[in-house]
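Here is a friendly briefing on one protein chain. Please look over the sequence and the model, then follow the topics below.

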Amino acid sequence: MTSRAVLFDFDGTLADTAPDLAAAVNRMRTERGMASLSAAAVRPYASMGARGMLRIGFGTTPDDPAYAGMRDEFLRYYAAAICVQTRLFDGMKSLIASLAKKSIAWGIVTNKSMRLTEPLVQALELAPDCVVGGDSTPHLKPHPASLLLAAQQLKLAPARCVYVGDDLRDIQAARAAGMRCVAVEYGYHGVDNPGPRAWNADAVISRPEELLEHL
């Protein structure tokens, strides 16, 4: 079936947000007299957002009594400098232009909250046809609710949409939503799950422009 829309995960798929996520957690570490973490150390955890940053930065998990306060601190720092080093991945801008030429809609479906997603979309000068955040529905991926909401906003059957992501939960959400799914090799995968070729996606791409071959 011909695809009418492409939906992208944000962190690690559409944009390289890891540098600014790392800056926020390193600010917390610096204030506690700790050395900054390297970009290479932080990158594999970036797809997990605040949960991943606190895990690599302090070994803190959601079960820790201090987690909620540290999460709020991290999000405050991140929101204050959300698009300093963040960039679209190489080839993504031309891919979006190609989708427009083919009259294929595109959107963003992310677990990042809308209060963080919306200013980042604006700062990157993006104009997606829909944006669904982690708080747009009661459920986070791998639950399919956010993907189904995006299809509804686009007035398309889920089967006419392709979801592109860099994490196993992205593929699981797409499968549950009845969408085709494409995994990217250039993202932040590498923690708690095998590489994208083990996720049973419909396709795996190493560069954004390769997506056009699978629509």
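Helices here are DSSP runs of H or I with at least four residues, strands are E runs with at least two, and both are numbered from the N terminus. Axes are lines fitted to C-alpha atoms, for helices over the stretch in contact, and angles run from 0 to 180 degrees between N-to-C directions. Please keep in mind that this is a predicted model, in which local features need pLDDT of at least 70 and side-chain atom pairs count only at pLDDT 80 or more, while totals for chains, interfaces and linings use all residues. Residues are numbered from 1 along each chain as its sequence is written, and side-chain values use heavy atoms, with hydrogens and water left out.

**Two helices that cross**

- Two packed helices are described by the angle between their axes and the distance between the axes.
- For helix H3 (residues 49-58) and helix H4 (residues 67-80), the axes come within 10 Å and cross at roughly 105°.
- That angle makes H3 roughly perpendicular to H4; the cut-offs are under 35 degrees for roughly parallel, over 145 for roughly antiparallel, 65 to 115 for roughly perpendicular, and oblique for the rest.
- On the H3 side, Ala50, Arg51, Met53, Leu54 and Phe58 meet Tyr67, Met70, Arg71, Phe74 and Leu75 of H4, where contact means heavy atoms within 4.5 Å.
- The residues of this contact between H3 and H4 divide into eight nonpolar, no polar and two charged. In this scheme Ala, Val, Leu, Ile, Met, Phe, Trp, Tyr, Cys and Pro count as nonpolar, Asp, Glu, Lys and Arg as charged, and the others, Gly among them, as polar.

**The nonpolar cores**

- A nonpolar core is a set of buried Ala, Val, Leu, Ile, Met, Phe, Trp, Tyr and Cys residues joined through side-chain atoms within 4.5 Å. Buried means under 20% relative accessible area, exposed means over 50%, and partly exposed is in between (1.4 Å probe, protein chains only).
- The largest nonpolar core has 50 residues, and Phe8, Leu14 and Phe74 are those with the most contacts inside it.
- Not counting residues up to four places away in sequence, Phe8 touches a list of residues including Leu14, Met92, Trp106, Tyr163 and Leu211.

- Which residues of helix H7 (residues 145-154) are buried? They are Ala145, Ser146, Leu147, Ala150, Ala151 and Leu154.
- The cover over these buried residues of H7 includes strands S1 (5-8), S4 (105-109), S5 (130-132) and S6 (161-165), as well as helix H8 (168-177).
- Gln153 is also in helix H7, but it counts as partly exposed because its relative accessibility is 41%.
- Leaving aside neighbours within four places in sequence, Gln153 is in contact with Cys130, Val131 and Val132.

- Val182 sits in strand S7 (residues 180-184) and counts as buried because its relative accessibility is 1%.
- Val182 and Val164 are 18 residues apart in sequence, and their C-alpha atoms are 4.8 Å apart in space.
- Asp170, in helix H8, is buried at 1% relative accessibility.
- Beyond its neighbours within four places in sequence, Asp170 is in contact with Asp9, Lys141, Tyr163 and Gly165.

- Most residues other than glycine have a negative phi, and most peptide bonds are trans.
- Lys141 and Pro142 are joined by a cis peptide bond, with omega of about 20°, and Pro142 lies in the loop between S5 and H7.
- Ser103 has a positive phi of about 60° although it is not a glycine. You can find Ser103 in the loop between helix H5 (92-101) and S4, where it counts as exposed at 62% relative accessibility.
- Just after H7, Lys155 takes a positive phi of about 60°. Lys155 is in the loop between H7 and S6 and is exposed, with a relative accessible area of 76%.

**Cysteines**

- A disulfide is a covalent bond between the sulfur atoms of two cysteines.
- How many disulfides are there? With a disulfide taken as a pair of cysteine sulfur atoms within 2.5 Å, the count comes to zero.
- Cys83 is in no disulfide, and the nearest cysteine sulfur, that of Cys130, is 20 Å away.
- The sulfur of Cys181 is too far for a bond because the closest cysteine sulfur, in Cys161, is 13 Å away.
- Cys83 is partly exposed, with a relative accessible area of 25%, whereas Cys181 is buried at 0% relative accessibility.
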